[in-house]
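The entries follow the order in which I looked things up.

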Amino acid sequence: SSPQPIKDRSLPQHPMKPIQSMLLRRYPSWRPRFFHQRVIPNNEWVTPTSTTRRARSSSKKKDLNRLHIPVMKDEVLKLWLPNNNALDNNDNDNKSKPIHLIDGTIGVAGHTLAAIQSSTQQQNDIKVLGIDRDPEALSKARKRMEKELDNKSNEEDDEYAEIEDVEEAAVPSNAESSRVTLHLGSFADISPGLLSLYSFPLKVHGILMDCGMNSFQIDNKQRGFSFRQHGPLDMRFDITTQSHKIHPGQSHRKIQPKATTARDIVNTWSAADLSALFQKFADEPYADEIAQSIVEWRSNEQKREKKAPTGIRTTLELRYVVEDCIASIHADMGIEPKEYFPPKKFYAMWRAPTKRLPKRTKDKLIKRYAERKPRHANHVMRVFQALRMEVNDELLHIRSFFEMGIAERCLEVGGRLVMIAFHPGEDEIIRRGMEGMVKEKGEG
């Protein structure tokens with residue numbers, strides 16, 4: 001009888017290997033999309049381990065650390081930190097006393113850490129009172145300082161993890177570091193009483209305020225600041241404040257106190273009030289048209305929906321309304337071809353022609369729309385900026401800072417007041433406030 005062939009006792013071939021070989025021959029740049037499609041030599045396959053996950057989280061942590069770069073760091077430190085001559089002109093004992101500073105918008109402590117590192121090189125002791133309206137920013141600042149100032153280098157801790165308990169992060173605490181004290185509030189709350197509460201002298205050497213928002217607020221889609229991500233239309237700095245239950249079409253003047261989220265404003269204000277808001281805070285040239293489109297969008301929903309209408313709820317929905325409005329204006333003016341933009345297929349995300357879309361189909365459309373390059377981004381950006389400034393009363397806080405004379409009451413002789421502003425409305429208030437301080441000092 002003929003000899004029997006020897007059976008191959010090697011491992012079975014991976015089911016994805018022939019397919020991968022074919023794809024690589026036809027498309028050399030092709031790469032596996034999912035982890036289970038990756039084939040390693042010797043026909044073996046593995047699953048992700050905890051080591052792999054830890055490596056991914058650590059690389060993400062490093063990327064986040066590189067992302068946050070303080071604005072104008074060198075210029076701010078040069079103006080914010082007092083020089084040795086200013087310290088010598090005061091008491092002779094000041095050299096042994098620490099430098100006391102206030103960071104009115106600490107964020108994730110970029111400027112504060114830079115100031116501490118600079119003072120350490122000059123062998124000066126420094127203490128900072130960090131204030132911010134955002135409890136999530138205070139939580140991130142606390143974790144960052146615990147690691148960098150207190151030398152806590154636990155690699156398994158996520159340095160910029162989302163806060164699990166907002167109320168815990170909102171509690172003022174001075175136990176983060178011997179050099180930094182955190183306080184939840186506004187820079188308009190600065191007073192001798194607040195300084196004495198945290199064992200600070202009644203007058204400090206410098207006050208810093210960086211008006212606006214930070215990059216991590218934009219990156220978090222749940223905060224509603226970015227029109228490039230799908231999230232609730234919120235835009236509050238202080239997320240611990242509660243929004244009021246309102247219905248679209250209800251006059252905002254009858255609500256006491258006023259609405260606290262961007263969704264409340266968009267769904268309750270009249271077209272005239274929305275237009276005035278976009279012109280005041282953003283100088284939007286098409287403010288009337290955009291405001292009218294927002295009102296028509298929510299009124300059409302009231303006619304279609306049998307149940308109580310919800311109004312404009314998400315950031316992408318508001319972006320769609322603004323882009324559609326600007327595209328129609330440009331088509332009428334002959335600036336752009338008369339084609340519907342955004343495409344009609346995205347219209348079904350919120351206004352299905354016959355029946356509601358399945359959730360899976362709707363999620364795919366929303367993801368594709370978020371990944372699209374925004375058309376007419378400048379107009380959308382202005383609308384979001386105006387809503388954010390109104391929700392958080394940003395100009396009111398700056399105006400209150402100067403009207404209450406906080407700088408005169410809480411700054412030492414020769415102290416520094418440093419303010420960073422990019423909005424023309426903020427710049428005007430700051431310029432007039434500082435001019436008034438100089439005039440009062442000259443008259444006195």
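Which residue follows H17, and is its phi positive or negative? I found that Gly405 follows H17 and that its phi is positive, near 65 degrees.

Before going on I noted the ground rules: this is a predicted model, in which local features need pLDDT of at least 70 and side-chain atom pairs count only at pLDDT 80 or more, while totals for chains, interfaces and linings use all residues. Residues are numbered from 1 along each chain as its sequence is written, and side-chain values use heavy atoms, with hydrogens and water left out.

**Entry: the whole chain.** I counted 19 helices and 5 strands in the protein chain, taking helices (H or I, at least four residues) and strands (E, at least two) as DSSP runs numbered from the N terminus. Of its 444 residues, 45% count as buried, where buried means under 20% relative accessible area, exposed over 50% and partly exposed in between, with a 1.4 Å probe and protein chains only. Among contacts (heavy atoms within 4.5 Å) between residues at least 6 apart in sequence, 71% join residues at least 24 apart.

**Entry: H17.** I returned to this helix and found 7 of its 10 residues buried, so H17 is largely enclosed by the rest of the structure. The buried residues are Glu394, Leu395, His397, Ile398, Ser400, Phe401 and Phe402.

**Entry: strand E1.** I looked up residues 99–103 and saw that 5 of the 5 residues of E1 are buried. In a regular strand the side chains alternate between the two faces of the sheet. Here both faces are covered, with Ile99, Leu101 and Asp103 on one side and His100 and Ile102 on the other. For pairing, DSSP must find at least two bridges between two strands. E1 runs parallel to E2 (residues 126–132), with 5 bridges joining them, and Ile99 has Ile126 as its bridge partner there. E1 also runs parallel to E4 (residues 204–210), through 3 bridges, and Ile102 stands opposite Ile207 in that strand.

**Entry: nonpolar cores.** I took a core as a set of buried Ala, Val, Leu, Ile, Met, Phe, Trp, Tyr and Cys residues joined through side-chain atoms within 4.5 Å. The largest has 70 residues, and those touching the most other members are Phe278, Ile290, Ile294, Leu318, Leu387 and Leu417. Leaving out residues up to four places away in sequence, Leu318 touches Leu233, Val266, Ile294, Ile312, Val383, Phe384 and Leu387. A second, separate core of 24 residues includes Leu77, Ala115, Val180 and Leu184.

**Entry: the largest pocket.** On a 1 Å grid over the protein atoms alone, a cavity is a set of points where a 1.4 Å probe fits but cannot get out, and a pocket is an open set with protein on both sides within 12 Å along at least five of seven lines; lining residues have an atom within 4 Å of a point. Grid points are joined across faces, edges and corners, and a volume is the space filled by probe spheres set on the points. The largest pocket has a volume of about 950 Å³. Of its 43 lining residues, Cys211, Gly212, Met213, Asn214 and Arg388 are the closest to its centre. H16 provides the largest share of this lining, 5 residues.

**Entry: the largest cavity.** I noted a volume of about 40 Å³ for the largest cavity. Its lining consists of Asp134, Glu136, Ala137, Lys140, Asn214, Phe216, Gln217 and Arg223, and H6 gives the most, with 3 residues.
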